[in-house]
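Hello,

Here is the structure for you to look at. My notes on what was found follow below it.

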Amino acid sequence: MSTEDHPDAPRTRAEARAAREAAERDAEEREPAEREAAEHSGTGADTEDASPRGSLSERSETKRVERASASRNEAPNPPEVPRAPEGERLRLPPVAQPVSSSTASRSPLNDPQPESPQPESPQQESPQQESPQQESPQPESPQPESPQPESPQQESPQQESPQQESPQQESPQQESRQQELKRTPDRRFLYTILAVLAVLGVVVGGLSAVSLLQGPRVSDVQVDEAEAIDVSGSRVILTANQSLQQIDESQVTVEPAVPFTVDAEGRSIGIRFTVPLDDSTEYTVRVAGATGAGGGPASDLSTSFTTPAAKIFLLNRSDDDDSIFRTDLSGENAVPVFSHPRINDYRSTSTRLVVAVEDDDGSRILVMDHDGDNVRELPLPGDGYVSSVQVSERGGLVGYTYSDRELSEDTGRASVLVTQSIDGDDEPQIIEVGDAEASIAEWQFVPDSAAVLFIDFAGTLSLDDRSGGAGSQNMGIAVSLPGISRGTYTAIVRRADGSTVALNLADGSETAITASDPDFGPATTITPYPGGTLRHIVARDPNGLPTGQAIIRVDDDGAATSLFDVASGNAILQACPSPSGQYVAITVAPTLVENPYDDLLVPLPKTLQTHLIDLRSGEEMVVLTGFDASWCQMAPRF
């Protein structure tokens, strides 16, 4: 039988106990009155009144039970108990359940329920005995029911939260296991780092041991191959894998042989070539017996590099526009890079062209890239004319002789020597001799420096370093300046007494230029190159009339060889060796009687040819149309 059949009956044992206690108290209150009535009514009355009194007792008890039930129904709902996970039964803590205004409390839901002391009362049966009927939810009844694990409808969001379940579900062993799992990735990461460090230590130690056993090795090489064929002073830098002991110049060799100096410090060895290198040539630099600063075995350090093929610029004048061409040494890939109606002169550096052009109002100097782009104009001292343009690659300077357009006996400047930055970021500077602007007859830049060597109209030879402020230094009297050797600071000077000497510009000492073997006669010009000189010889008959001209190659030991010659009626204007002395460009004016002159500031025959010759073998390579090869330090004079 269920409490649903008797809604007024107590639903729990606690309620039954409360109802029984209330009935007992009511009976105790009625006993004095009943005894007093019994004394007055006697025994017969007792028999007659027994049934009514019993009915009254039942009604009183029923009212007590109803009041207890109403009090229970008005009591607040107890908090819901979390549902145990599937497959597990947990022992839940007691939950307080108010029953009435009294302090009675319900027994824990999981504790065994004692049997009711009132078995005769069907209303007081245990809810556990009636569980099949109580498992179905009663929406109309606010009373809490025992949690049913298999009923998902009774779950609340709070019951589904793992954070609320974990404190009840995890034992100390489980918490220890989870903490151990959390620490495991950290330990694995630490073990991985330690393993990597151990491997690196082994590798570094192994490499160090190998390095000590094998000696120093080359770890890096720096060289600019293109610059090396154009200018002297280029370098190759070897960097070793460890600091080195002192390196002596005798330990270094370069093949093919070329003069050099050595500068070594720490791990680096710098080899500076004092002359330009040959083009299209493989060079090998070797340092023998290099030893680490900390000792150990010695080893050889070496590297090889190949220089690029040479290219040159040529000026070609015509009845239309004059043009500057760039070409390889075969002459088959000539490309015009700049054109102008009147190009008077030009010079080339490793990256730029400096071009002097003539307009109706005078001369202008233009600076541009090798392909003719980024043209800009340099300022001049005034309105006038420019000639004998030269450049200093190392000093970053342009030099030229300048004359004002308006000249008179008392006003104007004539043939003054001017230098200025090739970048155009300064004003033109006129060179002075004795605090006066000097008119210059002949001049040249000293190769690989910012110094100029010149002869003024009075015949004084002077040296002026434009990078300092010392001014001009008197170097004696001279009548001509044939040339200056690259890399040695030695000038070829013809003195007033007719002798030709090699003048050391560093200390002023000089030595006589001896005749060649065989002797081809006096030279009109002498052009130095690394390893010797080129001498221009004019052959004459007994009457002094020219019979031909030739270029003679004279080695440093005086041995002479005829390299190139032309017959009478032709003229050699200029011979310009390549920077390394590997080739020579010889400018020839053919058939002079049929070759008219142009009308530029420095007039030249209109038809000019350039012969390219291998200076080592003496073989002619090609004949090109044009003149003033970029290997020349200055324009030809005739």
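Start with Arg-342, which counts as partly exposed because its relative accessible area is 26%. Buried here means under 20% relative accessible area, exposed means over 50%, and partly exposed lies in between (1.4 Å probe, protein chains only).

Before the rest, the ground rules. This is a predicted model, in which local features need pLDDT of at least 70, side-chain atom pairs count only at pLDDT 80 or more, and totals for chains, interfaces and linings use all residues. Residues are numbered from 1 along each chain as its sequence is written, and side-chain values use heavy atoms, with hydrogens and water left out.

Salt bridges

What is the partner of Arg-342? Arg-342 forms a salt bridge with Asp-599, and the closest N and O atoms are 3.3 Å apart. Asp-599 sits in the loop between E34 and E35, and Arg-342 in the loop between strand E10 (335-340) and strand E11 (343-348), so this pair ties together parts that are 257 residues apart in sequence. A salt bridge is a side-chain nitrogen of Lys or Arg within 4 Å of a carboxyl oxygen of Asp or Glu. Helices (H or I, at least four residues) and strands (E, at least two) are DSSP runs, numbered from the N terminus. Asp-599 is exposed, at 57% relative accessibility.

The whole structure holds 15 salt bridges. Another one joins the side chains of Asp-359 and Arg-364, at 2.6 Å from N to O. Asp-359 is partly exposed at 32% relative accessibility. Arg-364 is partly exposed too, with a relative accessible area of 25%.

Arg-405 and Asp-361 also form a salt bridge, with 3.7 Å between the closest N and O atoms. Arg-405 is in the loop between strand E16 (397-404) and strand E17 (416-421), and Asp-361 is in the loop between strand E12 (352-359) and strand E13 (362-369), so the pair ties together parts 44 residues apart in sequence. Arg-405 is partly exposed, at 33% relative accessible area. Asp-361 is exposed, at 58%. Back to Arg-342: salt bridges that share partners join Arg-342, Glu-358 and Asp-599 into one network.

Asp-598

Asp-598 lies in the loop between strand E34 (583-589) and strand E35 (609-614). Is Asp-598 buried or exposed? Asp-598 counts as buried, because its relative accessibility is 14%. Its side chain makes a polar contact with the side chain of Arg-317, at 2.6 Å. A polar contact is a pair of N or O atoms within 3.5 Å; within protein, one must be able to donate a hydrogen and the other to accept it, and residues adjacent in sequence count only if both atoms are side-chain atoms. Neighbours within four places in sequence aside, Asp-598 is in contact (heavy atoms within 4.5 Å) with Arg-317, Pro-603, Leu-604 and Lys-606.

The disulfide

How many disulfides does a search of the whole structure find? The search finds 1. A disulfide is a pair of cysteine sulfur atoms within 2.5 Å. Cys-576 is joined to Cys-632, S to S 1.9 Å. The link is right-handed, with 110° about the S-S bond. The pair links distant parts of the chain, 56 residues apart: Cys-576 is in strand E33 (residues 571-577), and Cys-632 is in the segment after strand E36 (620-625). Both cysteines are buried.

Ala-567

Ala-567 belongs to strand E32 (residues 560-567). Ala-567 is partly exposed, at 48% relative accessible area. Gly-548 is 19 residues from Ala-567 in sequence, and their C-alpha atoms are 4.6 Å apart. Leaving aside neighbours within four places in sequence, Ala-567 is in contact with Thr-547 and Gly-548.

Chain totals

The protein chain has 6 helices and 36 strands. Of its 638 residues, 40% are buried. Among contacts between residues at least 6 apart in sequence, 46% join residues at least 24 apart. The accessible surface is about 34400 Å², and 49% of that belongs to carbon and sulfur atoms. Accessible areas come from the Shrake-Rupley method with a 1.4 Å probe; for residues, only the protein chains shown count as cover.

Regards
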